[in-house]
Amino acid sequence: MNEFEQFLLIFSRSEKKLQQLRNHVFDSLNIKSSAITYIILLKNNFDGLQANQLCKYSGYDKALISRITNELIEKGYICRNPKDNHKQRGYRLILTTEGWELSQKVELLMKPLQEAFEKDIPPEDLEKFYQTIMIMAKNMNDLELNERRLNNDQ
């Protein structure tokens with residue numbers, strides 16, 4: 001088995017385990033782990049994000065985005081950015097006060113998970129790892145875009 005095949009197997013197993021851990025950690029919040037992704041994204045984008053941006057950054061499809069954003073709106077965690085009230089389409093979603101409070105709880109719950117994940121890894125190795133994984137994610141995204149272009153050209 002070559003290194004790339006080993007990476008694919010390790011990544012697949014790790015992704016499943018990480019999802020199980022996330023679900024377990026966030027059970028106490030009574031919210032789906034996929035919704036946590038939106039809370040994190042919106043926490044880091046104060047002016048909000050449009051649905052298509054949530055789709056792009058999360059990797060989730062439009063149908064899931066719609067279901068989760070509707071659920072988060074109903075629970076009072078997100079709302080339209082008031083600056084976009086005049087827009088029918090392309091409006092941004094932002095965290096409400098309750099959403100900000102939830103984002104703080106998420107951050108507290110994620111801290112031990114992050115510490116366990118990064119345990120015994122020197123800071124310089126972690127920095128290099130995160131840089132590398134970001135490049136790999138970009139490369140995978142570029143590959144997907146190139147495949148779409150090829151399919152459209154045929």
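These legends accompany close-up views of a predicted model of one protein chain.

**Overview. The protein chain holds 6 helices and 2 strands.** The model is predicted, so local features need pLDDT of at least 70, side-chain atom pairs count only at pLDDT 80 or more, and totals for chains, interfaces and linings use all residues. Residues are numbered from 1 along each chain as its sequence is written, and side-chain values use heavy atoms, with hydrogens and water left out. From the N terminus, the order of elements is α-α-α-α-β-β-α-α. Helices (H or I, at least four residues) and strands (E, at least two) are DSSP runs, numbered from the N terminus. The C-alpha trace spans about 55 × 50 × 25 Å along its principal axes. Of the 154 residues, 25% count as buried. Buried means under 20% relative accessible area, exposed means over 50%, and partly exposed lies in between (1.4 Å probe, protein chains only). Take the contacts between residues at least 6 apart in sequence: 48% of them join residues at least 24 apart. A contact here means heavy atoms within 4.5 Å.

The accessible surface of the protein chain is about 11,500 Å². Carbon and sulfur atoms account for 55% of that surface. Areas come from the Shrake-Rupley method with a 1.4 Å probe; for residues, only the protein chains shown count as cover. The chain carries 22 positive and 22 negative charges, and their mean positions are 6 Å apart. Lys and Arg count as positive, Asp and Glu as negative; His and the chain ends are not counted. Each charge is placed at NZ of Lys, CZ of Arg, CG of Asp or CD of Glu.

**Helix H1. The span of H1 (residues 3–26) agrees with its length in residues.** The expected span is 1.5 Å times one less than the number of residues. At the start of H1, a side-chain oxygen of Asn2 comes to within 3.0 Å of the backbone nitrogen of Phe4. This is a polar contact: a pair of N or O atoms within 3.5 Å; within protein, one must be able to donate a hydrogen and the other to accept it, and residues adjacent in sequence count only if both atoms are side-chain atoms.

**Helix H2. H2 is mostly covered.** Of its 11 residues, 9 are buried. Among them are Ile36, Tyr38, Ile39, Leu41 and Leu42. Ser33, Ser34, Ala35 and Thr37 are buried as well. The buried residues of H2 pack against H1, helix H3 (51–58), helix H4 (62–74), strand S1 (78–80), strand S2 (93–95) and H5.

**Two loop residues. Asn30 and Asp120 have positive phi values.** Asn30 lies in the loop between H1 and helix H2 (33–43). Its phi is near 55°, in a residue other than glycine. Asn30 is exposed, at 64% relative accessible area. Asp120 sits in the loop between helix H5 (97–118) and helix H6 (123–153). Phi of Asp120 is near 65°, again in a residue other than glycine. Asp120 is exposed too, at 72% relative accessible area.

**Asn81 and Asp47. The side chain of Asn81 reaches the backbone oxygen of Asp47 at 2.8 Å.** Asn81 is in the loop between S1 and S2. Asn81 is buried, with a relative accessible area of 5%. Not counting residues up to four places away in sequence, Asn81 touches Asp47, Arg92 and Ile94. Asp47 belongs to the loop between H2 and H3. At 41% relative accessible area, Asp47 is partly exposed. Leaving aside neighbours within four places in sequence, Asp47 is in contact with Asn81, Lys83, Arg92 and Ile94.

**Asn52 in H3. Asn52 is part of helix H3.** Asn52 counts as partly exposed, at 49% relative accessibility. Asn52 and Arg89 are 37 residues apart along the chain, and their C-alpha atoms are separated by 11 Å.
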